[in-house]
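Student: Hi! Could we walk through this model together, starting with the ligand?

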Amino acid sequence: MTDLYAVIGDPIAQSLSPAMHNAAFASAGLDALYEARRVSRADLPSALRLLARSHRGFNVTIPHKETILPCLDEADGVVRALGAANTVRVDEGRLGATNTDPHGFLAALDTAGGGQDARAALVFGAGGSARAVVHALLARGRAVSVHARTPERALPLAALGATVIGERDLPAALAEADLVVNCTPLGMGDLASLSPLPAGAVLDAGALCVDLVYGYETPFLREAARQGARVSDGLEMLVRQGAASFRFWTGIEPDIAGMREACRAAVEERACYVS
Ligand code: NAP
């Protein structure tokens, strides 16, 4: 019988995960099908009861990454540290979760050649992805500053060990950083013309600038490249967090090149994207 997998979220129609995971299942020779399911906030409990009966595993995306926690039977240390899950394995009807976003970010960073940089990292944003990125960087012993539109939202990141900085300290922090990461939706969709960089910002010429947004040439990465910095978009993180989910479900090493290729093909096919 075909093993079923899914990603649940709302909205979900633009997700690249079905293309990416179906490519990995095909490459591994597994009889499995992965599909996107729109699940509203109100429908989450009933959807989880159904998935626990019918599926082997699923991914969780906005708006359920945090609200799913009380519905889980087991959560690993990453989920507990972040207060958010993105991957669930079904074992005899029980739901066991992990969060592969921190691993996905670090694997993408290593691929972009920024894994060994050791000075200071600056992260824009204080939402779910920022929490995963900050957690991952702190675990590698990096000094991390966070700049967020709503500073109070960054307080849990300060509790993890990051330094929250305001507008006044931003130019100096940017000039100092050897890694700058955009964890806001600026540069995407309706915000496509916007950048988290303040006007006149000067970046370190050797810095690596990573935008979690993918599928667009964002103003942030355009400006970073203009200043001579190295740039990387969010597609590799998407692939690497997906590869870690695949391992969590199957115990098999996935065909990462095939997953990346499937994502690129899907990006080319579509006009807009979400993770
Ligand atoms: P989130 O939890 O909603 O957090 C978004 C953050 O961006 C918040 O700090 C928010 O500030 C800030 N923000 C939103 N609009 C802004 C604006 N107009 N100006 C300044 N700041 C603004 O979202 P998320 O899950 O962290 O996702 C953020 C981005 O990363 C999205 O584009 C998502 O698609 C992408 N992403 C990519 C991957 C990947 O694998 N590549 C994984 C996860 C997420 P407030 O608190 O003030 O609203």
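**Ligand and helix**

Tutor: Happy to! A polar side-chain atom of Thr150 sits 2.4 Å from an oxygen atom of the ligand, a polar contact (a pair of N or O atoms within 3.5 Å). This is a predicted model, where local features need pLDDT of at least 70, side-chain atom pairs count only at pLDDT 80 or more, and totals for chains, interfaces and linings use all residues. Residues are numbered from 1 along each chain as its sequence is written, and side-chain values use heavy atoms, with hydrogens and water left out.

Student: How far is the polar side-chain atom of Arg153 from an oxygen atom of the ligand?

Tutor: That distance is 2.9 Å. On the backbone side, a polar atom of Leu212 lies 3.0 Å from a nitrogen atom of the ligand.

Student: How much of the ligand does the protein bury?

Tutor: The protein buries 82% of the 920 Å² that the ligand exposes when taken alone (accessible areas by the Shrake-Rupley method with a 1.4 Å probe).

Student: Which elements give two or more residues to the shell?

Tutor: Those are α5 (128-139) and α9; helices are DSSP runs of H or I, at least four residues, numbered from the N terminus.

Student: Switching to α9, is it mostly covered or uncovered?

Tutor: Mostly covered: 14 of its 16 residues are buried (under 20% relative accessible area, 1.4 Å probe, protein chains only).

Student: What comes after α9?

Tutor: Gly251 follows α9, with a positive phi near 75°.

How values were computed: Buried means under 20% relative accessible area, exposed over 50%, partly exposed in between (1.4 Å probe, protein chains only). A polar contact is a pair of N or O atoms within 3.5 Å; within protein, one must be able to donate a hydrogen and the other to accept it, and residues adjacent in sequence count only if both atoms are side-chain atoms.
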